[in-house]
Amino acid sequence: MVASDEAGDEACVSGQRICTASTGSEMEMASASAITDHYARAGLGEVILEALKTAGKDIDKLTPDDLAPLDEHHPRGRSSTVDLARLAAIKAEDRVLDLGSGIGGPSRYLAKTFGCRVLGIDLTPEFCRVAAMLTERTGLTEKIQYQQGDALEMAIADQSFDVVWSQEVAMNIADRDRLYAEIRRVLKPGGRYVFADVVASDGRSPHFPVPWAREPSASFLLTAEGTRQKIEAAGFYLRALEDQTGDCIAQQKARANHAGSPAVLGIHIVLGREGPRMLENTARNFEEGRTGLVQGVAVRSAEPHGSSWPRA
Ligand SMILES: C[S@@+](CC[C@H](N)C(=O)[O-])C[C@H]1O[C@@H](n2cnc3c(N)ncnc32)[C@H](O)[C@@H]1O
């Protein structure tokens, strides 16, 4: 189990108990609540369990694979998580921080596949509760804990994780300098930051709604090059930055088609009423060249600003 001291005085979570960390100024709290309002869905846990029962799953004996169609809240689903784990070379002894852990799909995959311990932090309280409930039903509570909190102000000790893992979260965060500085702070020297992000591409705005935002005011996309610059400037050596856009267009279209069918397990169950439009727009934005998808891994360098390492 991840020890409570990793997460600060009041930041431990065990089983379904969620503790809350402060999110800073009033303005930050307002924008934080716009993000959590976007993601929260009342009764989400029950909706998911009902969908699993309908699909013939034993909800008292779930596996991460049973949940994979609906708990991987990012464009390439489970295949993105498998790729990132390979890029980051995750090992059993790694202490992993899943930043923006959603309802916990990636954290359960990592803990089950590699045996590593994971702490998930997410801004949306409802997601933290659902993540803890599903983790309990997969028997992984000894390996995984969840904490409600803001990636920009984590109640985490300096240099306490080997890996910070973040899939499709940075798009909700305007202050990337602060985000990457905070990630660097909690990583051990030589630790890895592994990420997958939707990026801006040809300069045109995405069609909204998309899974991470209903409108432009909650969406903060950088280009792939802008992402590289910000990460390196924060004191990382970028070991890999891969474009995944082509790989995911067909997959997004398939997800959008399934979204019409309540009998099929899929991410639309988490996205709710606007899910089909969000998934259609995601595919359309990639296809029209408005957005792209990148994944990468960066190593915490010794210097806090700028990297003395050679480029990848
Ligand atoms: C698109 S979901 C991805 C969830 C998860 N990473 C996954 O791939 O399944 C984005 C998540 O980021 C979280 N998030 C957004 N801004 C955040 C912040 N400032 N701090 C922590 N979590 C944040 C949201 O609550 C949401 O759960």
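**Ground rules.** I am working with a predicted model, in which local features need pLDDT of at least 70, side-chain atom pairs count only at pLDDT 80 or more, and totals for chains, interfaces and linings use all residues. Residues are numbered from 1 along each chain as its sequence is written, and side-chain values use heavy atoms, with hydrogens and water left out.

**Sheet.** I looked up the strand order and found seven strands in an open sheet with mixed pairing, E3-E2-E1-E4-E5-E7-E6. Helices (H or I, at least four residues) and strands (E, at least two) are DSSP runs, numbered from the N terminus; two strands pair if DSSP finds at least two bridges between them. Strand E3 (144-148) and strand E6 (236-243) are the edges, each pairing on one side only. Neighbouring strands are turned by 15 degrees against each other on average, direction ignored. I take axes as lines fitted to C-alpha atoms, for helices over the stretch in contact, with angles from 0 to 180 degrees between N-to-C directions.

I then checked E5 (residues 187-200) against E7 (residues 291-300): they pair in the antiparallel sense over nine bridges. Phe195 stands opposite Gly296 in E7.

**Helices on the sheet.** Helix H5 (residues 105-114) lies across strands E1 (95-99), E2 (117-122), E3 and E4 (161-167), and runs at about 155 degrees to E3. Contact here means heavy atoms within 4.5 Å.

In helix H8 (residues 224-233) I noted Gly226, Thr227, Arg228, Ile231 and Glu232 as buried, where buried means under 20% relative accessible area, exposed over 50%, and partly exposed in between (1.4 Å probe, protein chains only). Their cover includes helix H7 (176-186), E5, E6 and E7. Just after H8, Gly235 has a positive phi of about 105 degrees.

**Pro75.** I found Pro75 in the loop between helix H3 (64-71) and helix H4 (77-88). Pro75 counts as buried because its relative accessibility is 8%. Leaving out residues up to four places away in sequence, Pro75 touches Glu168, Val198, Gln251, Gln252, Arg255, Phe286 and Leu293. Leu279 is 204 residues from Pro75 in sequence, yet 8.6 Å away in space, C-alpha to C-alpha.

Glu168, one of the residues Pro75 touches, sits in the loop between E4 and H7. Its phi is near 55 degrees, positive in a residue other than glycine. Glu168 counts as buried, at 8% relative accessibility.

Gln159, in the loop between E3 and E4, also has a positive phi, near 50 degrees. Gln159 counts as partly exposed because its relative accessibility is 41%.

Last, I checked Pro209 in the loop between E5 and H8: the peptide bond from Phe208 to Pro209 is cis, with omega near 5 degrees.
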